Amino acid sequence: MITEIGYFALVLALAVAVVQATVPLIGVERGMPSWAAVARPAAVTQLGLTAIAFGALIYAFVVSDFSVLNVVQNSHTAKPMLYKVAGAWGNHEGSLVMWVLILALFGAGVAVFGSNLPSGLRTRVLAVQGMIGVGFLFFTVFLSNPFERVVPAPLDGTGLNPLLQDPGLAFHPPFLYLGYVGFSIAFSFAVAALIEGRVDPAWARWVRPWTLAAWAFLTIGVGLGSWWAYYELGWGGWWFWDPVENASFMPWLAGTALLHSAIVVEKRDGLKTWTIFLAILTFSLSLLGTFIVRSGVLNSVHTFASDPARGIFILGFLVLVVGGSLTLFAVRAPSLRAGSLFAPISREGGLVLNNLLLMSALATVFLGTMYPLFLDALTGEKVTVGPPFFNVTFVPLMTPLFAVMAFGPMLAWKRADLMGAVTRLKFALALTAFAVLVTLIFSRGPVLAVLGVALGVWLLVGSLVELADRLRLFRCAASDSWRRARNLPRAAYGTTLAHAGVAVVILGITGSLAWETESLQVLRPGDTVDVAGFEFRFEGARDVLGPNYAAVRGTFRVTRDGEEIAVMEPESRTFTTPPMTTTEAAIRPTTLGDLYIAVGESDGSGGYATRIYHKPVIQWIWAGALIMVAGAFVSLSDRRHRVGAPARKKTAAAQAAAAPSPQGT
Amino acid sequence: MQLRFFVPITAFAVLAAALAFGLTLNPREIPSALIGQTIPDFELTALKGRERGFGSADLRQGDVVLVNVFASWCRPCRQEHPLFMDLAQTGDIKIYGINYKDDPDAAAQWLATFGDPYRRVGADLDGRSSINWGVYGVPETFVVDGSGQILYKRVSVVTPKVMREEILPVIERARLAGQEVSR
Amino acid sequence: MTVLRRRLDVAALILLAAFFVAAPISAQFVEERLADPAQEARAYALHKQLRCLVCQNQSIVDSNADLARDLRIIVRERVGAGDSDVQVLDYMVARYGDWVLMKPPFKITTALLWLGPGLIFLLTAGGVFIAFRRGRGSAAANTPLSSEESARLDELLKDASSGGR
């Protein structure tokens with residue numbers, strides 16, 4: 001019964017989406033306010049209906065209703081409850097329901113919180129959002145129904161992939177989708193602006209918070225996925241340039257560029273056409289990612305069961321949405337009023353450089369990801385584009401970006417004094433030189449490691465110096481600086497945090513790659529191995545039983561200078577449905593790095609193959625990502641984002657005229 | 001001036017075309033690197049209960065032959081096996097079998113149960129010879145011409161359609177070409 | 001590289017341990033390692049460069065598959081037999097094609113791939129440059145204000161700040 005309600009809710013949601021996509025748009029174009037007013041209630045209703053559908057699906061998984069095909073295929077009575085629930089979105093059909101739910105969530109968000117938007121813009125945005133919803137709901141209802149029944153109902157399900165039975169991975173899709181789908185708002189804003197024929201700074205002020213929120217969630221999603229790979233996939237790798245990883249990374253790169261170019265639109269009324277294009281591009285990349293994951297055109301460990309039929313529909317949808325919006329862009333963008341000018345050396349110029357480098361990096365990732373397909377289509381030749389390609393091409397493109405990020409925010413608008421900015425950063429330069437020296441003395445490390453340290457320190461200190469500079473720290477009275485600190489818009493703190501976060505990530509990557517210690521051996525009980533100054537004593541292995549697996553668990557006692565640090569117990573788990581073996585590495589973070597142990601095969605006579613690592617500062621990678629996300633949320637809490645157009649009331653207008661306007665630096 | 005705004009949509013059109021075409025391709029199937037080259041040198045021992053295995057010399061006798069890589073533990077091999085049985089019964093072409101990383105007893109049992117279409121079977125116990133053929137899974141089927149040149153490789157199951165539309169035509173063409181050369 | 005050096009130190013330790021541990025020493029899989037640690041390190045590096053053909057996007061050292069194990073063993077044999085790194089990779093490519101390499105070789109068909117990033121950057125930079133020029137061009141059309149126009153502007157500004165909204 002509940003399942004049928006869920007399906008019906010989806011069908012209704014589709015109907016509502018159709019209405020939301022057409023009626024308000026006609027109302028706005030023809031000047032019929034009652035029709036235009038349909039947008040907001042439609043968006044909220046859509047949220048309600050998709051929530052009901054999603055709830056019904058979750059319910060079916062929670063009670064293990066095996067008369068529902070989706071539950072049969074993706075669940076099992078032996079699975080822990082958390083993973084039963086996560087199983088709802090860990091498959092193609094269920095994840096689509098989540099897709100439309102989040103789409104409706106963001107739409108309803110604009111409907112409810114967008115009171116300060118001009119009604120025409122808001123209505124158009126909601127209409128475009130509705131159009132996207134129509135496509136996905138149509139796909140779900142008619143071609144990927146998660147509520148399909150199976151008669152007779154089997155006694156048990158066929159189980160979920162054991163790799164997905166993991167807290168990190170349970171939450172990875174929701175955050176990813178919040179990010180992917182959140183960019184739909186930026187897209188809708190862009191298309192709405194093209195329809196209206198107008199982009200002004202106010203438009204950017206409204207787009208940024210939504211884009212920033214989506215970006216933050218996507219960062220969490222990508223970070224979670226990477227962190228999961230680190231502790232789950234057995235040898236401590238955390239990024240493989242796998243096509244599906246790249247599919248989530250490309251929107252992130254585009255979204256980052258979008259955030260930065262939108263600043264120029266907001267502050268300087270420039271880069272408008274480019275920003276509109278970026279907004280379309282970012283969401284298009286989200287859709288392309290959806291296509292890649294579900295169609296089977298590319299080889300990946302991540303792909304859902306590939307089905308060319310699904311691929312055809314998604315491609316068709318892609319052609320409609322992306323093709324349509326890009327055609328609209330080609331036709332309408334030229335009529336957008338050009339913005340103000342700026343010198344190459346200026347904050348705008350810095351942001352343009354940011355976009356230039358991010359776009360080049362994006363294009364590179366795109367090229368590497370799609371090249372096997374293109375080559376196969378053209379010549380039938382098969383080639384693998386693996387990590388070696390990306391590492392050699394992506395890193396050199398991002399390096400200048402990291403270098404410039406430190407003093408970008410210090411450049412003035414329109415025309416800046418480069419030498420002045422660099423001079424103000426001499427403290428950062430000095431610290432960087434010092435760090436390089438220390439690195440060279442202690443490790444005589446590879447060139448890339450030294451470069452990484454230099455970049456990371458430069459960016460970290462530079463970001464802090466930039467903040468200090470704004471506060472006139474040490475250059476005037478402390479109380480003065482304090483006053484400035486209190487009045488500084490939160491977005492400034494957000495910027496510092498975000499850029500510092502990137503620096504921490506760079507340092508984490510550099511440290512863990514350059515100075516990792518790896519040790520592979522077969523150990524017998526009682527054996528001891530020394531890795532990076534830690535002593536690992538293998539106590540032995542025993543068989544253990546988990547809720548739905550059998551495992552071999554090894555026990556290691558770790559000491560340093562005779563003092564016991566930890567007991568670590570890695571496992572090798574064998575599942576039965578479906579049959580698979582996974583490695584549960586034992587990870588122990590210490591102050592300087594992670595201790596990482598994976599236990600593998602037995603040699604049949606009491607010895608076990610083991611991999612022991614010391615990975616310096618590797619957790620900084622994800623800590624840095626969290627700092628970036630924190631920066632985003634700090635920025636989002638800035639009251640400027642909640643103040644949109646000036647209030648209509650007279651008293652408020654007078655107040656606005658009298659008070660100093662919230663100018664950013 | 002307006003033209004540059006059409007660059008994105010044009011680029012997308014190209015991409016969409018590539019993706020559409022990509023849907024018809026199979027990224028997991030890799031073509032053989034050995035097409036047009038001679039077979040590797042090898043010598044495989046006999047299967048249990050049979051006198052002789054076979055080697056590369058046997059495949060250079062001047063006839064176009066089929067080489068089928070199979071194993072008793074390979075489920076899809078059972079699917080295509082009847083086709084080879086039928087083909088063997090017509091006597092039209094010689095089929096050689098490479099038994100890939102199999103247990104000798106199990107293999108002999110499998111052939112006894114499902115029939116033996118092979119003129120000769122060689123036991124590749126460690127899979128090394130098969131690797132020299134570029135084999136990466138079972139089943140795989142090769143068409144080899146009279147001089148020992150590999151003309152065609154089929155990865156995974158041979159379906160009636162594949163047999164009809166791909167393998168038999170290749171054999172035909174090879175035979176015609178062989179007749180022309182000898183004339 | 002530091003990592004390699006450390007690995008060599010560890011490998012030496014293992015050799016030492018080998019005196020006391022009679023079992024075959026190996027990676028996370030239990031298989032024969034090469035006696036010479038330098039060669040084993042080379043083999044390991046080569047393993048990372050070869051793709052497991054029956055897996056999705058994994059190297060043969062990361063994969064549990066049987067074929068991956070066979071290929072690892074072959075790599076070790078060839079390294080032990082004295083083949084150079086290039087020769088070992090060529091051996092694999094001869095059997096499986098370029099697809100088996102994680103790093104695509106530089107050929108005519110992959111030229112666009114390898115030259116692509118640099119080209120893209122130049123093209124994008126060129127685009128930015130042209131856009132700058134175009135913007136600058138239209139600015140040149142703006143002539144500075146004449147003195148009467150400046151005076152009028154001052155008047156208007158004074159009006160705006162004193163009264164009205």
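Let's start with chain B, where 7 strands form an open sheet in the order S2-S1-S5-S4-S3-S6-S7, with mixed pairing. Strands here are DSSP runs of E with at least two residues, helices are runs of H or I with at least four, and both are numbered from the N terminus. Two strands count as paired if DSSP finds at least two bridges between them. At the edges of the chain B sheet sit strand S2 (54-55) and strand S7 (150-155), each pairing on one side only. Further in, strand S4 (residues 94-100) and strand S5 (residues 120-124) of chain B pair in the parallel sense over 5 bridges. Within S5(B), it is B:Gly122 that stands opposite B:Ile98.

A quick word on what you're looking at: this is a predicted model, in which local features need pLDDT of at least 70, side-chain atom pairs count only at pLDDT 80 or more, and totals for chains, interfaces and linings use all residues. Residues are numbered from 1 along each chain as its sequence is written, while chains are lettered from A and ligands numbered from 1 in the order in which they are written.

Chain B also touches chain C: 9 residues of chain B are in contact with 10 residues of chain C. Contact here puts the C-beta atoms, placed from the backbone, within 7 Å. On the chain B side there are 5 nonpolar, 4 polar and no charged residues. For these classes, Ala, Val, Leu, Ile, Met, Phe, Trp, Tyr, Cys and Pro count as nonpolar, Asp, Glu, Lys and Arg as charged, and the others, Gly among them, as polar.

| Domain of chain A | Residues |
|---|---|
| domain 1 | 2-328 + 347-379 |
| domain 2 | 425-515 + 620-641 |
| domain 3 | 517-617 |

The C-alpha centres of domain 2 and domain 3 of chain A lie 36 Å apart.

Next, the helices of chain A. Helix H8 (residues 167-196) and helix H9 (residues 201-232) of chain A pack at about 155°, their axes 7 Å apart. Axes are lines fitted to C-alpha atoms, for helices over the stretch in contact, and angles run from 0 to 180 degrees between N-to-C directions. That angle makes H8(A) roughly antiparallel to H9(A). The labels go like this: under 35 degrees is roughly parallel, over 145 roughly antiparallel, 65 to 115 roughly perpendicular, and the rest oblique. The contact of H8(A) with H9(A) has 24 nonpolar, 7 polar and no charged residues.

H8(A) also meets helix H10 (residues 243-268) of chain A, the axes coming within 11 Å and crossing at roughly 45°. H8(A) and H10(A) are therefore oblique to each other. From H8(A), A:Leu176, A:Tyr180, A:Phe183 and A:Ala186 make the contact, and from H10(A), A:Ser248, A:Pro251, A:Gly255 and A:Leu258. By class, the H8(A)–H10(A) contact holds 6 nonpolar, 2 polar and no charged residues.

Chain A has an open sheet too, with 4 strands in the order S1-S10-S9-S8 and antiparallel pairing. Strand S1 (517-523) and strand S8 (586-589) of chain A are at the edges with a single partner strand each, so one side of each is left without a neighbour in the sheet. Neighbouring strands of this sheet are turned by 15° against each other on average, direction ignored. S8(A) is joined to strand S9 (residues 593-602) of chain A by 4 bridges, and S8(A) and S9(A) form a hairpin with 3 residues between them. In S9(A), A:Ile597 is the bridge partner of A:Ala586, and A:Leu595 stands opposite A:Arg588.

Notes
Two residues are in contact if their C-beta atoms, placed from the backbone, lie within 7 Å. Domain bounds come from an automatic or database domain assignment.
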